[in-house]
Amino acid sequence: MENFVYDIKTKIYFGEGQISHLGEAVSACGKNALLVYGGGSIKKIGLYDQAMDQLKGAGITVTELSGVQPNPKIESVREGVRLCREHAIDVVIAIGGGSTIDAAKVIAGSVSYDGDPWDIVLDPSKVVSVLPIISVLTLTATGSEMDTFAVISDMTKNEKWGTGHPDFRPYASILDPTYTFSVSAYQTAAGTADMMSHIMENYFSNTEGYMQDRMAEALLSTCVKYGIIAVNDPKNYEARANLMWTGSWAINDLLNLGKPCAWSVHPMEHELSAFYDITHGVGLAILTPHWMEYVLDEKSVDKFVDLAHHVWDIPVAGRDKFDVAKEAIQKTKEYFLSMGIPMTLREVGIDETHFDIMAKKASEGMKGAYRELTPEDVKNIFKAAL
């Protein structure tokens, strides 16, 4: 295990009714707030009115930026930066899922930068300062409510890039599982797949981390148990609560510190959604079993056996290790299918048209990964997923 520093500054208000703390959390950061959200869902479930009541009661002046889309676009970030400068904003509030929070992060980090916010996406070292960020989570998936990362797309260039800065970690996050009751079965399944991918990207590392791996297996098991329950029983509080808390811990550095590793499946999926704007978690679910099959070898087989034993409860004693590993991969695929996720690229409208450029760009993001894949390797995985 390697050396590391772990500094979690995010204050979590977890549970039903915790929106009552929004005013005090924002007041600790400033009095002029930019409220960032997506479509009308937060108004339909009454969250918008609850939040505005809290902010009004705390004397917060609010400027709104609505319409942030899934796979958040750089255009929304630019508009948010303009509003922050025009209204002297000193704190950014994101109400929504990971896309909304990611947009809020890059907005907060771009206000003090003289250039275009896309520069920050490509090179976060250009960040001068970051406005405090408060998040209210409504979709369990990305873990943005407790991490330092953001992903932004520029569809005019077919580019989707992750960026990160220590100060992108929110100052405070409100996690009320009841706000996810209205999330569709499809998005619940996609969110669960996204969380599982975050965990597995950290799990499959070339550096040993026994404690981190056991934690990863516990979090994966939680996803497996409660993901399908939430799909079938969307108002099951325990399922939603366990998924929500797992999503935060899947990517808040707990699992990767001490055993860092560049990610593999995410760079490939980012190319899919950069060109086709598909649901991120669905793309990850489609690619994951094929990536697993591609990297299964003498060096990786023991890790797959651990996955089989600790997550999928597959008997391993006296069995051929590769048979066990292949069963674990099949179980992973079957689980995604059981939640109703399409498991081929053609089902989500993707063909071979852009495979060459997507494979080249994805491969460039895998330096230091569990297996450094060439463009041809990535293209083979894409083809297998068709």
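Predicted model: local features only at pLDDT ≥ 70, side-chain atom pairs only at ≥ 80, totals over all residues.
## Surface and overall form

Of the 386 residues of the chain, 58% count as buried.

The chain contains 15 helices and eight strands. Its radius of gyration is 20 Å, close to the 21 Å that the globule rule gives for 386 residues, so the chain is as compact as a globular protein of that length. The C-alpha trace spans about 65 × 45 × 40 Å along its principal axes. Among contacts in the chain with a separation of 6 or more, 78% are accounted for by residues 24 or more positions apart.

## A nonpolar patch on the surface

A nonpolar patch on the surface is formed by Met1, Phe4, Tyr6, Met211 and Met215. Together these residues have about 490 Å² of accessible area.

## Two asparagines with positive phi

Most residues other than glycine have a negative phi. Asn71 is not a glycine, yet its phi is positive, at about 50°. This residue lies in the loop between β3 (61-65) and α4 (74-86). With a relative accessible area of 8%, Asn71 is buried.

Asn158 is likewise not a glycine and has a positive phi, of about 55°. The loop that holds Asn158 runs between β6 (149-154) and β7 (159-164). Asn158 counts as partly exposed, at 24% relative accessibility. The cut-off for a buried residue is under 20% relative accessible area, so the value of 8% places Asn71 in the buried class, while the value of 24% places Asn158 in the partly exposed class.

## Aromatic pairs and a cluster

How many aromatic pairs does the structure hold? The structure holds 10 aromatic pairs. One of them joins Tyr203 and Phe204 in an edge-to-face arrangement, with 5.4 Å centre to centre and 90° between the planes. Both partners are buried: Tyr203 has a relative accessibility of 0%, and Phe204 has a relative accessible area of 2%.

A further pair consists of Phe355 and Phe382, whose ring centres are 5.2 Å apart and whose planes stand at 40°, so the pair is tilted. Phe355 belongs to helix α14 (residues 355-364) and Phe382 to helix α15 (residues 375-384), so the pair ties together parts that are 27 residues apart in sequence. Phe355 is buried, at a relative accessible area of 1%, and Phe382 also counts as buried, at 0% relative accessibility.

Which residues form one aromatic cluster? The cluster is made up of Tyr203, Phe204, Trp291, Phe304 and Tyr370. Two of its members, Tyr203 and Phe204, form the edge-to-face pair described above.

Notes
Residues numbered from 1 in each chain as written. Heavy atoms only, no water. Patch = residues over 30% accessible without salt bridge, like charges linked within 9 Å, V, L, I, M, F, W, Y side chains within 5 Å. Areas by Shrake-Rupley, 256 points an atom, 1.4 Å probe, with all protein chains shown as cover. Salt bridge = Lys/Arg side-chain N within 4 Å of Asp/Glu carboxyl O. Helix = DSSP H or I, 4+ residues; strand = E, 2+ residues; numbered from the N terminus. Rg over C-alpha atoms; globule rule 2.2 N^0.38 Å. Buried < 20%, exposed > 50% of the residue type's maximum accessible area, 1.4 Å probe, protein only. Contact = heavy atoms within 4.5 Å. Phe/Tyr/Trp six-rings, centres within 6.5 Å; stacked < 30°, edge-to-face > 60°.
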